Amino acid sequence: MLRPWKISLAERVDRGRSTPVYLQIVHALIHDIQRGRLSPGTFLPSSRELASTLGVNRKTIVIAYDDLISQGWLASDGTRGTIVSNSLPEPRQERSPNPPLDPARNSASPEFTMRSAPNLSLVFAGDGHLVLDDGAPDPRILPSDVLARAYRTAVRQASRTNWLGYGDPRGSPVLRQAIADMLTTHRGLVASADNICITRGSQMAIFIAAKMLVGAGETVLVEALSYSPAREAFRAAGAAVIGARLDDEGLDVEDVERLCRRHKVRALYLTPHHQFPTTVSLKPERRLRVLDLARQFGFAVIEDDYDHEFHFEHQPLLPMASYAPRRTIYIGSMSKLLQPGLRIGYIAAPADIIRAVANEIVIIDRLGNVPTELAVAELIQSGELHRHARKALQVYLDRRNSFAHLLQANFDGLIDFKVPDGGLAFWISFRDASILDAIERGVASRQVRLLPSRSFAVAPCEQRGLRLGFASLNPNEAAEALRRLRQAADLPFQNAADELDRPNSG
């Protein structure tokens, strides 16, 4: 029997790869069929012949052929042998040389168009880098045995009550009620479980709020310095995003009014408790003025209270949602309080809004992580969350004070900052922009990661600065990170002892 196909697999089978050899053969044959090198009806070599050519066991070829026959790529023609299935469409013209078999190595561009994705700057740990994040907590503070115990309790409870199947897209009723009780007791909101929807972190909550509130071409106001993933969520919904000015006391409400008179504003997104990135708390009189403007111009207020618990100097101000619940969508996060990897955020709003939010949840992922939601509910109900919050607050207060001293020691006379009353980061401005430029050019070589200074501003605002998180680093790590920033800027150390006596970075 003539077999006109020229075998080209030998140089494409690599026993050194983790992919099993039979799968490499399967992938290679499929690709040759797709490219037209093997047309429908073409006879393949016998299993013995191909095994001999490739230097593999005949059983490997048998398994590969059987797999391709079961998938419909090949067919058995009785005693005549194995052929490419005649039910396949005519192949397209071969256009490229043999590609690598491992899909992970194939970096070819797709043959279809995609809309451009937002260019977001993200920083995260890895590869031995120190991370000066935007204000993340230290997940090491929550004891692993406490979390493990909560998960064990949660899984047992879920198994007993059959809660591991599809359920309420608003989230676990137990956690929703626990969060509602927490908001009522500690933040002044009047809430029940019907006023709460659990999300996979606060970013998902922002994205859903954007989808619900704005459409193509409609206007959303944000603070001129703000959280870039939130801005991109509104842009993804089609909104025109406009920045309202900030001053030393936070959002400039007079500029908000000016913009409302020029544009039909659908929503105002703001971070009044600890303004992101500057950390300033919005005074009560400005909060009330914002709500007056919301009533006057008919826009929704999206209040992102991402780290409410971490206020060091006095009792935190009550959320705006506590005195204007029907004018606000309140977004909070348990991830900042516990661990970011747990991915628990929430929306608090009137029940009719929460029902609409649940419908959006179904479109995105149908249901959250039930064991994690129940574990967090267990941490709240057992009192472990309260104990952890008290411990974390003291740890972060000490780290804040230490970080302020380190900033002063490393950059005295070069930067301006205020020690934040709350939150987990400092906002740093540089008196000489060239030093900031040098830091941003040199941090990668010093194995430090931080958010770019230009990632916070909304055009036409051009203000630059660094938001440096202090909470996720222990004192030695923080000292080492700031020492590397100084090195990145090529600044001399104060004296030789500063260089010789630096802390270890571990």
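Biologist: At what angle do helix 1 and helix 3 pack, and how far apart are their axes?
Modeller: Two packed helices are described by the angle between their axes and the distance between those axes. Here helix 1 (residues 21-35) and helix 3 (residues 58-71) meet at about 45°, and their axes are 9 Å apart. Helices are DSSP runs of H or I with at least four residues, strands are E runs of at least two, and both are numbered from the N terminus. Axes are lines fitted to C-alpha atoms, for helices over the stretch in contact, with angles from 0 to 180 degrees between N-to-C directions. The model is predicted: local features need pLDDT of at least 70, side-chain atom pairs count only at pLDDT 80 or more, and totals for chains, interfaces and linings use all residues. Residues are numbered from 1 along each chain as its sequence is written, and side-chain values use heavy atoms, with hydrogens and water left out.

Biologist: How are helix 1 and helix 3 oriented to each other?
Modeller: Helix 1 and helix 3 are oblique to each other (under 35 degrees is roughly parallel, over 145 roughly antiparallel, 65 to 115 roughly perpendicular, the rest oblique).

Biologist: Which residues meet between helix 1 and helix 3?
Modeller: Helix 1 contributes V21, Y22, L23, I25, V26, L29 and I30, and these meet T60, I61, I63, A64, Y65, D67, L68 and Q71 of helix 3. Contact means heavy atoms within 4.5 Å.

Biologist: At what angle does helix 2 pack with helix 3?
Modeller: Helix 2 (residues 47-54) packs with helix 3 at about 120°, and their axes are 8 Å apart. Helix 2 is therefore oblique to helix 3. On helix 2 the contact involves S47, R48, L50, A51 and L54, and on helix 3 it involves R58, I61, V62 and Y65.

Biologist: How many aromatic pairs does the structure hold?
Modeller: A pair of aromatic rings is described by the distance of the centres and the angle of the planes. The structure holds ten such pairs (Phe, Tyr and six-membered Trp rings with centres within 6.5 Å; planes under 30 degrees apart are stacked, over 60 edge-to-face, the rest tilted). F276 and Y306 have ring centres 6.1 Å apart and planes at 80°, so this pair is edge-to-face. F276 lies in the loop between strand 9 (265-270) and helix 9 (284-297), and Y306, 30 residues away, in the loop between strand 10 (300-305) and strand 11 (328-333).

Biologist: Is F276 buried or exposed?
Modeller: F276 is buried at 6% relative accessible area, and Y306 is buried at 8% (buried is under 20%, exposed over 50%, partly exposed in between, with a 1.4 Å probe and protein chains only).
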